[in-house]
Amino acid sequence: MSELLIDQRNLAFELYEVLDAEALTERPRFADHNRETFDAAIGTARTIAEKLFAPHNRKNDENEPKYVNGAAELIPEVKPAVDAFLEAGFLNATRTFEQGGMQMPNLLSQACFAHFQSANAATSSYAMLTMGAANLIESFGTEEQKERYLQPMIEGRFFGTMALTEPHAGSSLSDIRTKAEPAGDGSYRLKGNKIFISGGDHPLSENIVHMVLAKLPDAPPGVKGISLFIVPKFLVNEDGSLGERNDVALAGLFHKMGWRGTTSTALNFGDKDNCVGYLVGKPHHGLSYMFQMMNEARIGVGMGAVMLGYAGYLYSLNYARERPQGRLPDGKNPSAPQVSIIEHADVKRMLLAQKSYVEGAFDLGLYAARLFDDTETLETEEQRKTALELLDLLTPIVKAWPSDYCLKANELAIQILGGHGYTREYPVEQFYRDNRLNPIHEGTNGIQSLDLLARKVTMNGGAALKQLSGLIQSCCKRAAEYSDLNDLREPLEKLHAHIGSVTMTLLGDMGQGKVNEALANSALYLKAFGHMVIGWRWLEQAVKAQQGLAAGNDADTAFYQGKLQAARYFLRWEVPSCHHDLNVLENRDLTCYDMQDAWF
């Protein structure tokens, strides 16, 4: 069963050969850990995921939460799974021993959590949201807020959400209307409506802590007028006990195409004019605070997309090995035995495409997790700042690229199963439906493309982009030591150079005030940039695979050859396709931008 969640050999390759997780144990924060403790945590995660998360994944899908007497009702299997997750310490794996955590690197925490995302995306979501909300309070809350709300969240007694989206505004947060009026006692009274609030109501915890964006009476217009508030479902007394129900009402549940096991709610704040909230940090700074949780969520979304794609790939791979059908084109004898469909070239193509997408994106997600460790534990402040710049640049890619291309992997998994893949008797159709959410939520991929081109590549004079370029060039230099990798290295070098020239062109246009025109085709830029990043990560894996082959362990030969073949597919088949998109950008083609409403 575990090999249908994550290929454990690939996980070990990523952790200990590509990303050198053991080197993290040389840092003071992680000095009590070693490979044995890392592997033990992974083993525990795998066991809980297999025994408690995976078995109700289908039931979650077929029995979505119900709205009953003003509350959300879940299937009974969800709570024991979540409780086991909490009891094992995974909610606070990265927190210090003093806080009751494991003091584990974020890299290992993500590796553990990936098992739960693969086994049951819906049930694992409740924990992911709570982690983000807790980190937000820890970073910006007062000591009283930390004591009253953070500590119970760390203990798993309270869960958390983020409440941003409003019915009329969608992704345009500058247009939110939820209001917060000072109450005279240091608290506020909120009034407004929020939609698509994942985990907005459920019976899994004693309380739910909503992190809500709202505007004060003196708020300036736009995003500069947004403040952040803690709004608990139940008020919390000074002694930590629960008080009366707050004026937060579940208005209804959304019925989704996929990801059905996670409640998606509409919440009304202040229907009775008594919704109590507490300001977090400074007034009008809420969006900048919320970006911390949003960025964490975006990385979580990216990894969730990876693991749904990964689950589909592993299932279709296993199916292709076991499903006999037809004969090879040169097989003229109809009485000859059928071959497994994995022997057919087009099935190999689809499996290889899936492998290149999911294992490339898996590597990137874990690389981002290790970068997060660097932002907190590298020796100097300057080193930590440099790591954070690179992580900020990569965040739109970590979110958007897997949610596009691991979804394509799910589509290919359905194709490999043929008619069976289209039925609900097999899980690949659910993986696809679940994954279809990821290009949409936590900032649509269109928003990610604007963020990348308009903000991230220009940060601090392009420092992060220069850093990434240096890493790609260094990787290519190391790859040049292996003549077998020339046909992988050269396409990446060509794409890197082309993206560099196009970037300068587009930034030049923006500098001349042609902002709308420069950003009109930003989706193409995101795709090409993402392919460059994934191509770089595949070349890194290819170098490690060559080193593994040179070590001469016969048991690993097939594994390393598979890595090289997937890298070859991505860099020779996928990467060259980006030059057409870059040519469109370079030529300032405005076909889409110039289209008029009436012409449709």
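**Reading features in a predicted model**

Mentor: Let's start with Met595, which counts as partly exposed at 31% relative accessibility. Keep in mind that we're looking at a predicted model.

Trainee: How do I read that label, and where is Met595 found?

Mentor: Partly exposed sits between the buried cut-off, under 20%, and the exposed one, over 50%. Met595 is in the segment after helix H19 (591-594). Together with Trp599 and Phe600, Met595 makes a nonpolar surface patch of about 420 Å².

Trainee: Now Leu287: buried or exposed?

Mentor: Buried, because its relative accessible area is 11%, and buried means under 20%. Leu287 belongs to helix H8 (residues 286-322). Skip the neighbours within four places in sequence, and Leu287 is in contact with Leu173, Leu213, Val223 and Ile226.

Trainee: What do the buried residues of H7 pack against?

Mentor: Here's the general idea for helices: an α-helix has 3.6 residues a turn, so residues three or four places apart point the same way. In helix H7 (residues 143-154), the buried residues include Gln145, Arg148, Tyr149 and Pro152. The buried residues of H7 pack against H6 and several strands, among them S3 (158-163) and S12 (275-280). After H7 comes Gly156, with a positive phi near 85°.

Trainee: How many salt bridges are there by this rule?

Mentor: Side chains of opposite charge can pair when their charged atoms come close. The count here is 35 salt bridges. One of them joins Arg157 and Glu206, at 3.3 Å from N to O. Arg157 lies in the loop between H7 and S3, and Glu206 in the loop between strand S5 (188-198) and S6, so the pair ties together parts 49 residues apart in sequence. Arg157 is partly exposed at 29%, and Glu206 is partly exposed at 41%.

Trainee: Last one: how many cavities of 30 Å³ or more does the structure hold?

Mentor: Three. The largest cavity has about 70 Å³ of space. Its lining includes Gln117, Met128, Trp259 and Asn438. H6 (121-140) and H8 are the elements that each give two or more residues to that lining, with the largest share, four residues, coming from H6.

How values were computed: Residues are numbered from 1 along each chain as its sequence is written. This is a predicted model: local features need pLDDT of at least 70, side-chain atom pairs count only at pLDDT 80 or more; totals for chains, interfaces and linings use all residues. Side-chain values use heavy atoms; hydrogens and water are left out. Buried means under 20% relative accessible area, exposed over 50%, partly exposed in between (1.4 Å probe, protein chains only). Contact means heavy atoms within 4.5 Å. Patches are made of residues with over 30% relative accessible area and no salt bridge: like charges are joined within 9 Å, nonpolar side chains (Val, Leu, Ile, Met, Phe, Trp, Tyr) within 5 Å. Accessible areas come from the Shrake-Rupley method with a 1.4 Å probe; for residues, only the protein chains shown count as cover. A salt bridge is a side-chain nitrogen of Lys or Arg within 4 Å of a carboxyl oxygen of Asp or Glu. On a 1 Å grid over the protein atoms alone, a cavity is a set of points where a 1.4 Å probe fits but cannot get out, and a pocket is an open set with protein on both sides within 12 Å along at least five of seven lines; lining residues have an atom within 4 Å of a point. Grid points are joined across faces, edges and corners, and a volume is the space filled by probe spheres set on the points.
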